[in-house]
Amino acid sequence: MNFNIATIPGDGIGPDIIEQAVLVLNKIGEKFGHTFNYTEVLAGGAAIDAKGEPLPQETIDICKKSDSVLLGAVGGPKWDNLPGDKRPEKALLGLRGELGLFANLRPATLHKALKDACPLKPEIIGDGLDILVVRELTGGIYFGERGRRDSINGEEAYDTECYSVKEVERIAKIAFDSAMKRNKKVTSVDKANILESSRLWRSVVEKVAKDYPEVELNHMYVDNAAMQLVRNPKQFDVIVTSNMFGDILSDEASMITGSIGMLPSASLGEGTLGMYEPIHGSAPDIAGQNKANPIATILSAAMMLRYSFNLEKEASCIEDAVTKVLEENYRTGDIMSEGMKLVGTKEMGELIINAL
Ligand code: IPM
Ligand code: MG
């Protein structure tokens, strides 16, 4: 089969890790008889430097016409002092919004080989951890009304959290559908003791749950969820939550995988077009130094094969190759521990390609 992929290397380590993911995809194409065509487009700081804006219209158009989008990372200190809507991060939100990618799947799985890189105690980890965070991605405070205004205390700033029934319904369905393919448990995380938007969220999730009698549902306040993730992560299967809570909890969950450099993500909408990216940032301090861990991006490419192209065998092939290389004790700096073999970005990519 033939697929068109828009690639957005972006900033910092973005180009380093996208390069490796593309090499892995090419090898998969060779092995299974698919052709992947790439169109590289600009977004984030790279687009600000070249075009004066973080998300040029051309980028949006090309992404919309593609079968999927593979993104590295955006942002860096160089652009930190720009006003909110001119910052590199605006490109990410713009793409998520423009492409209608309301569901963000972030699987936090601890590879057995990485137990030593996980900061939790062995008795908490047990025989492994496997949590799927389902984050709402195009609503809530990220997209709500915001601004500055005068008040009796002088200038003030505000951001608003707003959720509609429809927005909660569709993300809840994704969570329950995912749970049906896993361990049939959904934890909905909110702050319903304080926020009206959370109270609506909770009631809609309960309504959707009625269509999934086999799935066990519980609700948890976000502060408690943050604690439970490190106290007893084994209680979780699928976590479904709002845009901002999902942002925070998925970073926390990433640490149970050993490193934020391990966690891939898929952003999905109504159709098959998706955007795939590691959940980590652009790490400008190690950019271009062959130090970044490319695994989160390579695993994101695997998610692309599974969710946008329906190529399950090919996706598993990549995931198995990653497991094999980790079991052979190869490590990038972020997941390095005593007695392991330290490798760079390129070597890690090569090892995974050889293991495919
Ligand atoms: C993420 C990132 C982004 C977010 C930033 C870079 C805008 O932290 O994808 O988790 O907050 O969504
Ligand atoms: Mg984040």
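**Cavity and ligand shell**

A: The largest cavity holds about 50 Å³ of space, where a cavity is a set of points on a 1 Å grid over the protein atoms alone at which a 1.4 Å probe fits but cannot get out, and the volume is the space filled by probe spheres set on points joined across faces, edges and corners. This is a predicted model, in which local features need pLDDT of at least 70, side-chain atom pairs count only at pLDDT 80 or more, and totals for chains, interfaces and linings use all residues. Residues are numbered from 1 along each chain as written, chains are lettered from A and ligands numbered from 1 in written order, and side-chain values use heavy atoms, without hydrogens and water.

Q: Which residues line the largest cavity?
A: The lining, meaning residues with an atom within 4 Å of a point, consists of Glu161, Tyr163, Val189, Asp190, Ser197, Ser198, Trp201, Ser242 and Phe245.

Q: Ok, switching to ligand 1, what surrounds it?
A: Glu89, Leu92, Arg96, Arg106, Arg135, Tyr142 and Asp247 surround ligand 1, each having a heavy atom within 4 Å of it.

Q: And which N or O side-chain atoms sit by an oxygen atom of ligand 1?
A: Among them, one in Arg96 is 2.8 Å from a ligand 1 oxygen, and one in Asp247 is 2.9 Å from a ligand 1 oxygen. For Tyr142, a polar side-chain atom lies 2.5 Å from an oxygen atom of ligand 1.

Methods. On a 1 Å grid over the protein atoms alone, a cavity is a set of points where a 1.4 Å probe fits but cannot get out, and a pocket is an open set with protein on both sides within 12 Å along at least five of seven lines; lining residues have an atom within 4 Å of a point. A polar contact is a pair of N or O atoms within 3.5 Å; within protein, one must be able to donate a hydrogen and the other to accept it, and residues adjacent in sequence count only if both atoms are side-chain atoms.
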